[in-house]
Amino acid sequence: MHPEVAEALTSYEFGHREEELSALLETLRTNVLAVGGLDPERYTAVVLTGSGTAANESVLSSVVGDDDTVLVIENGEFGERLAKISRVYGHETITVTHAWGEAVDLDRVARAIETHAPDLVVMVHHETSTGMLNPVEQVGALVRTHGTRLFVDAVSSFSADALDVEAANITFLSTSSGKAIGSYPGLSLVIGTHDAFRALQGKAPRCHYLDLNRYYEFAVHKRQTPNTPAVPLMLALNRALELALEEGIEQRQSRLRALSEHVRGRLREIGLRPLLETEPLSNVLTSVLLPEGVSFEAFREALREHDFVIYGGKGPFEGRMFQVSTIGAVDDELLDRFFVAARRVLTTLRPRQSAVA
Ligand SMILES: *Cc1c(COP(=O)(O)O)cnc(C)c1O
């Protein structure tokens, strides 16, 4: 964690129904748009207390009408979750399903849009379960041709991976405080066009707490949140956004890209292979195949002894893959220490015949 973000977390000294909160909320909403390079005349943002799933669920429960069809593009865990949430709310949900880690087939997406004329197309930008970036701009072009709305889950990419929200015709976008933005987990954001937010007025909500219209109305008319907000997390998130703006968004993205490329290069040096070799890949996360015969749990436990935390593969990659994320206060020196530890641990765990010197 960046020390200034950590410091902001504990600087909470005001009542949450006071002017200070209103000012903080406004600053946050402005900074989010600035980080996304968005025109405040066209887009606006609301802050929810709840992790990334809360933002996804608020969009899926609030913007789809009874007779609407939702089309979800799936190529990993998080695309599949979006379809699951859509079905929980009883929406007619069509999926364009790919294997995890398979690139989105735009021809199939185009045909599905033509066949089903969905009211909302839903996709993940950075499919975190693999590290793949999905072609949001291209899907946005298809959506424009068909006059459909596009909802993008950018929970693990917003601010870190380049995305032209306006050019991609995105109606709603979700993100969260604790991943690519580099603050603590627990808050999420929904960005959307003013028009799309205004169109929610008068729609019967399917979920009270996550009713997007309530967040919008409170933010715009009362400069408040409908329920008690997680103020310390808001202070930390705002500091993280300010730091990103101070660094410069393009500069930050290049720095993160360089860190991820560094990780991929060093992995190959110690005889490991990234799961995906083909761009576009995430700027903040790399999925790595475990060598034959090395158990994920043993590897994870051994790295914990060296103070490093890795994350395991899900679904088809469970036990076969791990993930390295380079968000937050990570630099080359820390990565050097990680790779020394990883090489040492692997040498111990690898079956003899494939051990590297
Ligand atoms: C982590 C993640 C989510 C879920 O977010 P939570 O904060 O765990 O609720 C949704 N989508 C993507 C792409 C994610 O990476």
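Which residues lie nearest the centre of the largest pocket? Select Gly178, Lys179, Leu285, Ser325 and Ile327 to find out: of the 42 residues in the lining, these lie nearest the centre.

Before going on, note that this is a predicted model, where local features need pLDDT of at least 70, side-chain atom pairs count only at pLDDT 80 or more, and totals for chains, interfaces and linings use all residues. Residues are numbered from 1 along each chain as its sequence is written, and side-chain values use heavy atoms, leaving out hydrogens and water.

**Stop one: the largest pocket**

A pocket here is an open set of points on a 1 Å grid over the protein atoms alone where a 1.4 Å probe fits, with protein on both sides within 12 Å along at least five of seven lines; lining residues have an atom within 4 Å of a point. The largest pocket holds about 1,100 Å³ of space, a volume being the space filled by probe spheres set on the points, which are joined across faces, edges and corners.

Now select 52–62 (helix 3), 77–88 (helix 4), 321–325 (strand 13) and 332–349 (helix 12): each supplies at least two lining residues. Helix 4 gives the most, with four. (Helices, H or I of at least four residues, and strands, E of at least two, are DSSP runs numbered from the N terminus.)

**Stop two: the second largest pocket**

This one has about 230 Å³ of space. Select His2, Leu243, Arg252, Arg255 and Gly328, the closest to its centre among 14 lining residues. Then pick helix 9 (231–247) and helix 10 (249–269), which each supply at least two residues of this lining. Helix 9 has the largest share, four residues.
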